[in-house]
Amino acid sequence: MTQPSTSPTAAGLRLDQLSTDNSFAALPPDFYTRLQPRPPSAPRLLHVNTEAAALIGLDPAELGTQRFLDVVSGHAPLPGGDTLAAVYSGHQFGVWAGQLGDGRAHLLGEVRGPQGNWELQLKGAGMTPYSRMGDGRAVLRSSVREYLASEAMQGLGIPTTRALAITVSDDPVVRETIETASVVTRMAPSFVRFGSFEHWSSRRQPEQLRILADYVIDRFYPACREAPGEHGPLLALLEAVTHRTALLMAGWQSVGFCHGVMNTDNMSILGLTLDYGPYGFMDGFALNHICNHTDTQGRYAWDHQPSVALWNLYRLASSLHTLVPDADALRGVLDGYEAIFTSAFHDRIAAKLGLAQWQPDDAALLDDLLRLMDTHHADFTLSFRRLSDAVRGEPQGFADLFIDRAAAQAWYARLAARHAQEAREPAERAAAMDRVNPLYVLRNHLAEQAIRAAARGDASEIDRLFTLLRAPFEARPGFEAYAGLPPDWAAGIEVSCSS
């Protein structure tokens, strides 16, 4: 296990000194079920995230205590917390699934941190009334993947939930094979989802829907309260969520991230990347890349994600229609999604290509690059990262990623001509490109290496990945293997909804 630092410069609070709020638990009782976890036996602390601990003001010395292990494993409640499992509904793979809910998650409580409030949630701490056919457990494999992914997204500057700790147990859990039980402690300002709104709309309970909407507005979008008109605050809420969701999609697309299960119950009302399951950062690029082998129809392929997000927003708007009779007004809000996404995505791509500002003609340049990458399955991350080397006068690394090197060189000549339209020194341009094109992303084989080490009780690979993923744009000598093409065996890694 990695021992947390006990540096006196980072001193903070003990668990029993944390200030709690528990605002979600103050909602009416039909929004959740109060219950205690039924955690795995004899837990061990595998790893703790000191940066996430600082968000809630915990002293690093507290992280090595038995009381901390008891809380993050589910064997003791959060002091001052109010443990519960939330109910929600949703569409899964485009089909109405009815009532869902926290089937293997327990919300421990809400902590007032130095810079905001954070809900702490255990994933894998036992069955709840919403488990349906599930066992309420999480496995080491999925816990490590979520733990690493949330830190990777944070390093990339893409909105995300965080993760505080992982505990492991020798208790067996049945998935495709027998696996090891684990609990991951997740953190977010809120875990309310699109499906939380769908739940009350589908049940024709407008009073509860109104309570939820008021809670979300007053707690997270207070500026919406100033919108004029009877339904102004609700329309403003939809507009704010639409804006955040569009920006989130632009972030995902710009780094080659695939979520894998973009069901409405996995869509955050705060525009966060939520519920890491069968996700993946692309290696060889494919426009229609599917990261989840359970997704046999390709509904959540990489190139579908922006449109799926809009579809999910329509489901949210449909829920709000229960309170807002003016369907045209709701549609009018959603009509702004495409422009927000496109502008944000183009801004990100312009920076990745070394352009000061996106121009309409740049669309053809981007389309041709993506087609070229798709045809040759060129590595997504390295294709963009090596462009800065080309700007420095070393174009061979970029061309080497393509089977047809001449085609790659011809495309780069077009980019160089576009660069020539802007007055900028090559060194300055290349440095700016390196600040937005990551060198290190959480490739599946890197996560797999960390999982295999963790299964032996070795968290050192998690430590190394944390170091790299927290500063993914900064080249580190000695870590070249983490920035290279994946090994051949990586092609055999499959992730599914059980991940």
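**Domains, cavities and a pocket**

Mentor: In this predicted model, the C-alpha centres of domain 1 and domain 2 are separated by 23 Å.

Trainee: Which residue ranges does the domain assignment give?

Mentor: The ranges are taken from a domain assignment of the protein chain. That assignment gives domain 1 as 23–188 and domain 2 as 194–350.

Trainee: How many salt bridges are counted between domain 1 and domain 2?

Mentor: Side chains of opposite charge can pair when their charged atoms come close. The structure as a whole holds 33 salt bridges. Between domain 1 and domain 2, the count is 2.

Trainee: What is the distance between the closest N and O atoms of Arg-186 and Asp-275?

Mentor: The side chains of Asp-275 and Arg-186 meet in a salt bridge. This pair links distant parts of the chain, 89 residues apart: Arg-186 is in strand β10 (residues 178–188), while Asp-275 is in the loop between β11 (257–258) and β12 (280–281). The closest N and O atoms of the two residues are apart by 2.9 Å.

Trainee: What space lies in the largest cavity?

Mentor: Rolling a probe the size of a water molecule over the atoms shows where empty space is left. The structure holds 3 cavities of 30 Å³ or more. The space in the largest cavity is about 140 Å³.

Trainee: Which of the residues lining the largest cavity are the closest to its centre?

Mentor: The lining consists of 16 residues, divided into 10 nonpolar, 3 polar and 3 charged. Domain 1 and domain 2 each contribute at least three residues to this lining, and β7 (116–123) and α4 (194–202) each supply at least two. The closest to the centre are Phe-24, Ala-86, Asp-102, Phe-191 and Val-192.

Trainee: Which lining residues are the closest to the centre of the second largest pocket?

Mentor: The second largest pocket has about 450 Å³ of volume. Its lining of 19 residues comprises 10 nonpolar, 6 polar and 3 charged. The closest to the centre of this pocket are Asp-283, His-289, Ala-490, Ala-491 and Ile-493.

Definitions and conventions:
Residues numbered from 1 in each chain as written. Predicted model: local features only at pLDDT ≥ 70, side-chain atom pairs only at ≥ 80, totals over all residues. Heavy atoms only, no water. 1 Å grid on protein atoms, 1.4 Å probe; cavity = no way out; pocket = protein on both sides within 12 Å on 5 of 7 lines; lining within 4 Å. Points joined across faces, edges and corners; volume = space filled by probe spheres on them. Helix = DSSP H or I, 4+ residues; strand = E, 2+ residues; numbered from the N terminus. Nonpolar A, V, L, I, M, F, W, Y, C, P; charged D, E, K, R; others polar. Domains from an automatic or database assignment. Salt bridge = Lys/Arg side-chain N within 4 Å of Asp/Glu carboxyl O.
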